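Here are my notes for your read-through. Please check each point against the coordinates.

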Amino acid sequence: MLTNMAERKHSKKLQGQVAIITGGGRGIGAAAAHLLASAGAAVILTARSEDQIEAVARHIRLAGARAIAVPCDVTNSEEIEEVVEAALTQFDRVDILVNNAAVIWPVEQVFEADPEEWAYNIHCNLVGPFQLARNVLPVMIQQGYGRILNITSGAADNVMPGWSAYCAAKAGLNMLTRCLAAELQADGVAGVTVNALAPGMVDTEMQADVRSIDTHDSNLDFSLFHEAHRHGTLLSTESAARLIYWLVGPWSQERSGQIFSRSDAHWLEQVEQDLA
């Protein structure tokens, strides 16, 4: 990862900017943190796992970029406030928020799901992004600049039996994205954008967790994920990070309130052209 960062140092499109990335200890969040830092951003990594985010932050600092780790459970509003306060204390501004933290559980039919676990999923995947956006928006509006990116999923539009909480939360996240963008537009705030990204089936620990579920005695069918893993078609976290980079960078300045998907071939072509 350090070599990759060194190779990208010629591109500093985010120089002087400050990015908060939730779920930054592994997977897509960690890959995005490395890439945004290599593009010049100071990165605040947050997740429940302090050892993981500190390890990522340490790698970024060793490569000559700026990064701090601030533990946070995104279902805890007080801890969210502490993350934003740490960003302002250390770097004086917040330009980018990547709402990436997510949980998949419970993966069960509704009548079998634990109500508290179901509610925690909604709080992590939907209420957390709302709370984070609510905390950074006043800063971004005052600055006259900001990028909020919500990491969503195709599960927002496609019914997945057993995934009721995750599907509902991601569908809500898409609508939250559109509502926030519409509010900013109505208020004449041109410099702050809000978008969402469905990065596709990425090779993450969450994917591994889904494949580990025993579905033999149920009606749940996760063969799609097993086949993707078996055929090597799961996407890399680095490829997802490139999409995030485009969406929080200067290339997306005219786009807000949109749900971007890796399935959009025309957009992918534009990303590759801009980042070449």
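**Notes on charges and fold**

1. Asp95 is buried, with a relative accessible area of 2%. Buried here means under 20% relative accessible area, so Asp95 falls within that class. Keep in mind throughout that this is a predicted model.

2. What does Asp95 pair with? Its salt-bridge partner is Arg93. The closest N and O atoms of the two are 2.7 Å apart. Arg93 is partly exposed, at a relative accessible area of 29%.

3. Besides the pair of Asp95 and Arg93, please look at Glu54 with Arg61 and Glu272 with Arg242.

4. Glu54 and Arg61 form a salt bridge with their closest N and O atoms 2.6 Å apart. Glu54 is partly exposed, with 26% relative accessibility. Arg61 is also partly exposed, with a relative accessible area of 36%.

5. The side chains of Glu272 and Arg242 meet in a salt bridge, at 3.0 Å from N to O. This pair links distant parts of the chain. Glu272 sits in helix α10 (residues 265-275), and Arg242 in helix α9 (residues 237-248). Glu272 counts as partly exposed at 42% relative accessibility. Arg242 counts as partly exposed at 28%.

6. Which residues gather in a patch of negative charge on the surface? They are Glu108, Glu112, Asp114, Glu116 and Glu117. Patch members need over 30% relative accessible area and no salt bridge. Glu108 has 31% relative accessibility and so counts as partly exposed. Where does Glu108 lie? Its place is the loop between β4 (96-99) and α5 (115-143).

7. On the fold as a whole, the protein chain has 10 helices and 7 strands. Take contacts between residues at least 6 apart in sequence: 72% of them join residues at least 24 apart.

8. How much of the chain is buried? Buried residues make up 50% of the 276 residues. The accessible surface of the protein chain comes to about 12,900 Å². Carbon and sulfur atoms account for 49% of that surface.

Technical notes:
Residues numbered from 1 in each chain as written. Predicted model: local features only at pLDDT ≥ 70, side-chain atom pairs only at ≥ 80, totals over all residues. Heavy atoms only, no water. Patch = residues over 30% accessible without salt bridge, like charges linked within 9 Å, V, L, I, M, F, W, Y side chains within 5 Å. Areas by Shrake-Rupley, 256 points an atom, 1.4 Å probe, with all protein chains shown as cover. Salt bridge = Lys/Arg side-chain N within 4 Å of Asp/Glu carboxyl O. Lys, Arg positive; Asp, Glu negative; His and termini not counted. Charge placed at Lys NZ, Arg CZ, Asp CG, Glu CD. Helix = DSSP H or I, 4+ residues; strand = E, 2+ residues; numbered from the N terminus. Buried < 20%, exposed > 50% of the residue type's maximum accessible area, 1.4 Å probe, protein only. Contact = heavy atoms within 4.5 Å.
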